[in-house]
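Colleague: Mind walking me through how to read helix packing and a few other features in a model like this one? I'd like the general idea each time, then the case at hand.

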There are 2 protein chains.
Amino acid sequence: MNSLLSRRYTEKVRIIVHGGAGNIPKNNTGLYSVGVKKAAEVGLDVLVSGGSALDAVETAVVYMENDPIFDAGKGSVLNKDGFVEMDAIIVDGADLGMGSIAGVRRVRNPVKLARIIMEKTDNNMFIGNSADNLAKQFGLRLESLSYFVTDRRREEWEDMKEGKLDPMRRSMYSTVGAVALDSKGNVVAATSTGGIPFKMPGRVGDTPLIGCGAYADNELGAASATGLGETIMKIVLSKTALGYIKLEGDPMRAAVRAIKLMESKVGGRAGLIIIDPKGNVGIAYNAPKMAFAFNEGNKIVYGTEIP
Amino acid sequence: MNSLLSRRYTEKVRIIVHGGAGNIPKNNTGLYSVGVKKAAEVGLDVLVSGGSALDAVETAVVYMENDPIFDAGKGSVLNKDGFVEMDAIIVDGADLGMGSIAGVRRVRNPVKLARIIMEKTDNNMFIGNSADNLAKQFGLRLESLSYFVTDRRREEWEDMKEGKLDPMRRSMYSTVGAVALDSKGNVVAATSTGGIPFKMPGRVGDTPLIGCGAYADNELGAASATGLGETIMKIVLSKTALGYIKLEGDPMRAAVRAIKLMESKVGGRAGLIIIDPKGNVGIAYNAPKMAFAFNEGNKIVYGTEIP
C-alpha cells in the first residue's frame, strides 16, 4: 500500500490528476510523469485565473486524452477486434450533475461528450453508436477509427493476438482522471479510459459508472479511480472512499481504507485520487506505481511513485 | 413517503420483488398485483425447496420479464425510434460477483445474460450489440425485435410520437427487481428494465449500474431500485440504502432514509426493496404507488400500495 499518509496539503484551489496505475514500464516513466505534470498545469491555469473546477478538470483530462501515452482518447488500447471503445464520466459536486458514456469509437475527446450530456440533455448516460451520434449532433469533433490507434498499441495488439503477450499480465491501467476544487468551493471529478487491452468488444469497466470510476459531492469531496475495473466496480470504489473521509478524518486515510477494503473483499489493483471540500489531497494505490500530479500552491508535485 | 415502517418480518428464507413505482393506472393495478405475487411465488418455491437466492431471484425476474405488464423483457417500453433497449443486472452477495448489460435488443431474458456474464466471463458488464452477440454465443434465446413490442406499448409510442402523450408525465416506471435470502445465508439482488418510454436511443438509466439499480453483499444485505434512473444514479441509491441499515437499525428505516436523501438532494421518484442478512424486509417509495410482494412464511404479502 502506497500513500502520502504523512503529508497534508491545503490550498484555496487544487487540482489532482492521475494517469493510471500498474506496472509502468521503466522506459516510459518519464512520459507518464511529464504527461500528468502538464495536465495538472493546464488544469491549474484554469483555476488560478478564476475558472471553474468543471473547466479545470475537463481541460486536464482533454490534455491526457490527446497525449498518446495514456489509455484514453488517442492512444487508447485496442479491443480484441482491433479498434478502440472508450468510456468517460464527469460528475459535478455542486448539484450531483453527471454525464457519462460507454463504448464510443469516434469522439476525439470523450470527456467533452460526457460534459455535454450533463449540461445539454435530460439524461445522464449514453452508450455505443448512439453516443457517437449524439456527439455529432452537438458538433463535437469526431475522428476516423485510425486516429486513435498508435503504433505502440497496434504492436501490443499484434503480440496479444499472436499469444506473445498476455493482456492480463500487462496490468498497466493508464486510465486518466482529475479532481479539482475551485475558488467557489465546488468540487468536480472526471475519468476517461480506453479500458483494458484486448478486451472483448462491448466490455465496460468502472470508469463510466457513477460512484465507481468517479464521484463528486460538495459535501463529501470528489474522487477518480483507475485500475482493474472489474474489482473497482464491485466496491463502488470512488463513492465508498468519499464516505470514509469523515470517519477517517482526512482523504489520504480514506483513500487507503477504500483500497484496502477492495483488496480484502475482491482483490485487484487500483489507484485513487481524492479531494475533500477543503482541498486536502488523498492519493493511494496498491499497484506498483501510479502516475499522479497535484498543485502545492503554484508548484506541481508529480511522479509515478510515492517516495 | 410510504413504507412499512411499523412492521417487522423475519424469516429463514425470504424473497421480495417489485414491479415498478409510479402512477400505476387504475385499470392495471390488478395485473401488477397478480404479476408481482406470482413472481414472488415462483421465487419462493425455489427457496423453500432448498434452492439458492441466485436461482430464486433469477426465476422471479424472468417471470416478470415474460409478463408483458412490466417494463422489462417482453412489454418493455419503446425508445424514440420505436424499438426496445433493455438493461439488467445481477449481484451476488456471497462474493460480490456481478453481471450487467445495457442496451440489448434481442435477448429474451436479459437477467439470464447478466448471470451468464457473472458466471462465465472474466468481465462484469457488456453493452449493445456485443452483449446480444454474447447471449447468442452462450446459447441464450434471442427473439425478433417485434417479440418484445406489445400493442399497449405500440399505442403509447404512437401517442407520444404525435404529441398526444407526454412521456415525462406518464411517470410510471415499471422496472422489475428481486432480492432474496437463502437458507445458506446468501443474499442476491437483480433488476431488469426497458428504461423510460420514448427515450433517446442509447440512453442508460440506473438499472445496470452496480450500486444504483442493485447491490448485494452478505455483510450488508441486498437492494433493488426502481424509478427515475437519472436521480437514482446520482445518489447510488441501492448501495447508499444498504449502508444505512446499521445506522438505522433495520432495512425499512434504511430504505426510507435513502429515498429521503435522494428527494432532498436531487428530487425524483423512486422505490426500493431491501433485505438485510437476517431476512428483514425494507420497502419504501416516494411515488404514488409501488407494486411489491414478499413472503411471510409461506404466505405472500403483496399489493400496489402500502396500507
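Modeller: Let's start with who touches whom, and bear in mind that this is a predicted model. From α8(A), the residues Leu237(A), Thr240(A), Ala241(A), Tyr244(A), Ile245(A), Leu247(A) and Glu248(A) meet a set in α9(A). On the α9(A) side that set is Pro251(A), Arg253(A), Ala254(A), Arg257(A), Ala258(A), Ile259(A), Leu261(A) and Met262(A). By type, the contact residues come out as 11 nonpolar, 1 polar and 3 charged.

Colleague: And at what angle do the axes of α8 and α9 of chain A cross?

Modeller: Roughly 130 degrees, with the axes coming within 7 Å. Over 145 degrees would count as roughly antiparallel. α8(A), residues 237-248, and α9(A), residues 251-266, are therefore oblique to each other. Their crossing is right-handed.

Colleague: How about α1 and α2 in chain B: at what angle do they pack?

Modeller: About 155 degrees, with the axes 8 Å apart; α1(B) spans residues 29-48 and α2(B) residues 53-66. With the same cut-off of 145 degrees in mind, α1(B) and α2(B) are therefore roughly antiparallel. α1(B) passes α2(B) in a right-handed crossing. On α1(B), the contact is made by Gly35(B), Val36(B), Lys38(B), Ala39(B), Val42(B), Gly43(B), Val46(B) and Leu47(B). α2(B) brings Ala53(B), Asp55(B), Ala56(B), Thr59(B), Ala60(B), Tyr63(B) and Met64(B).

Colleague: Next, backbone angles. Which residue of chain A has a positive phi although it is not a glycine?

Modeller: Look at Phe198(A), with a phi of about 60 degrees. Phe198(A) sits in the loop between β8 (187-193) and β9 (203-204) of chain A. In chain B, Phe198(B) also has a positive phi, about 65 degrees, and lies in the loop between β8 and β9 of that chain.

Colleague: Is Phe198 of chain A buried or exposed?

Modeller: The cut-off for buried is under 20% relative accessible area. Phe198(A) has 18%, so it is buried. Phe198(B) is buried as well, with 16%.

Colleague: Last one: what rotation superposes chain B on chain A?

Modeller: A rotation of 180 degrees, with 0.0 Å of shift along its axis and an RMSD of 0.0 Å. That's the relation of a two-fold axis. To see how the copies meet, compare their interface residues: 100% of those of chain B are also interface residues in chain A, so the copies meet through the same surface.

Conventions:
Residues are numbered from 1 along each chain as its sequence is written. Chains are lettered from A and ligands numbered from 1 in the order in which they are written. This is a predicted model: local features need pLDDT of at least 70, side-chain atom pairs count only at pLDDT 80 or more; totals for chains, interfaces and linings use all residues. Side-chain values use heavy atoms; hydrogens and water are left out. Axes are lines fitted to C-alpha atoms, for helices over the stretch in contact, and angles run from 0 to 180 degrees between N-to-C directions. Helices (H or I, at least four residues) and strands (E, at least two) are DSSP runs, numbered from the N terminus. Angles under 35 degrees count as roughly parallel, over 145 as roughly antiparallel, 65 to 115 as roughly perpendicular and the rest as oblique. A crossing is left-handed if the near helix is turned anticlockwise from the far one by less than a right angle, and right-handed if clockwise. Contact means heavy atoms within 4.5 Å. Copies are superposed by least squares on the C-alpha atoms of residues with pLDDT of at least 70 in both. Ala, Val, Leu, Ile, Met, Phe, Trp, Tyr, Cys and Pro count as nonpolar, Asp, Glu, Lys and Arg as charged, and the others, Gly among them, as polar. Buried means under 20% relative accessible area, exposed over 50%, partly exposed in between (1.4 Å probe, protein chains only).
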